[in-house]
Amino acid sequence: MKQEFIFIGPPGSGKGTQTKMLAKDSKLPHIDTGALLRAEIASGSEDGKLANSFMEKGQLVPLELVSRIIKNRLMKSDCDNGFILDGYPRSLEQAYALDDILKEVDANNSVQPQVFYFDVAQEKLVERLVNRRSCADCGSIFNLKTMSLEDETKCPKCGGALTRRDDDTEEVANKRFATYFAQTEPLIDMYKEREWLTTLDASLDIDSIYKNLVGAIK
Ligand code: AP5
Ligand code: MG
């Protein structure tokens, strides 16, 4: 059966951590718009340059660019059994665009996506963001504060270099929160009205959140 999952939550709420775990267990593709945009930036493309000019200010990248990236990704055959969307949609206009994209890529699809909202107070999150490190090779995510790493520069899973995201400064993180509250939070009510929404307590530890997430899958 086709399964479609959407993950919404503020910066640092654990979307990436949990969606990577779910992708591994479900074998569904993990589609992280932030990571796709960072790959565009790394490639030096014009799209990447445009994206960077918004991301460095903690603002949403323009609708046209994100819609194009998502549509191209959802048309790939590995999405035939479903997908996990991490950080998309994150505005009402993106949610309506996604409705249209899903009709376009699979007109006969009658699956209702399940939307997971990660509920956690902002106070907890800045500390998570400034202590985040990601592996440049395997993409694993670590928290220097809660996970004791022998070498804070090397991935304990694959030996790759651990890097800090450019937007993980307190200054940009605060701008990302402002963008989240203004543009992304309205999606919660919209998806609640559609009865697609499942709220998870994202202040818990990583394993407890994952257990609750798997238990809530319809
Ligand atoms: P994006 O990369 O999606 O960033 P974000 O939404 O700010 O979310 P994060 O990736 O920072 O946090 P996360 O929820 O994934 O948390 P994680 O699991 O890593 O987007 C970046 C930018 O790209 C945006 O600002 C925007 O400019 C642009 N963009 C992206 N999508 C877009 C879109 N759809 N439209 C337009 N623009 C878009 O965890 C964070 C840290 O906490 C880690 O260190 C982790 O180890 C730790 N941690 C996780 N869970 C726990 C826990 N339960 N307890 C303790 N620590 C934990
Ligand atoms: Mg993420």
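In which sense, left-handed or right-handed, does α2 pass α3? The points below take this up together with the ligand site and the backbone.

1. This is a predicted model, in which local features need pLDDT of at least 70 and side-chain atom pairs count only at pLDDT 80 or more, while totals for chains, interfaces and linings use all residues. Residues are numbered from 1 along each chain as its sequence is written, chains are lettered from A and ligands numbered from 1 in the order in which they are written, and side-chain values use heavy atoms, with hydrogens and water left out.

2. α2 passes α3 in a left-handed crossing (the near helix is turned anticlockwise from the far one by less than a right angle; clockwise would be right-handed). The axes of α2 and helix α3 (residues 46–55) lie 7 Å apart, at an angle of about 120° (axes are lines fitted to C-alpha atoms, for helices over the stretch in contact, and angles run from 0 to 180 degrees between N-to-C directions). That makes α2 oblique to α3 (angles under 35 degrees count as roughly parallel, over 145 as roughly antiparallel, 65 to 115 as roughly perpendicular and the rest as oblique).

3. For α1 and α9, the axes come within 10 Å and cross at roughly 55°, and the two helices are therefore oblique to each other; here α1 passes α9 in a right-handed crossing.

4. Around ligand 1 there are 35 residues, of which Thr-17, Gln-59, Arg-90, Arg-132 and Arg-176 come nearest (a residue is near if one of its heavy atoms lies within 4 Å). The largest share of this shell, four residues, comes from α2, and the elements that each supply at least two residues include α1 (15–26) and α9 (206–216) (helices, H or I, have at least four residues and strands, E, at least two, as DSSP runs numbered from the N terminus).

5. A backbone N or O atom of Lys-15 lies 2.9 Å from an oxygen atom of ligand 1, whereas a polar side-chain atom of Thr-33 is 2.8 Å from a nitrogen atom of the ligand. An N or O atom in the side chain of Gln-94 is 2.6 Å from a nitrogen atom of ligand 1.

6. Two backbone details deserve a look. The peptide bond from Tyr-88 to Pro-89 is cis, with omega near -5°, and Pro-89 sits in the loop between β3 (82–86) and α5 (92–105). Lys-27, although not a glycine, has a positive phi of about 65°, and its place is in the loop between α1 and β2 (30–32).

How values were computed. Polar contact = N/O pair within 3.5 Å; in protein donor to acceptor, adjacent residues only side chain to side chain.
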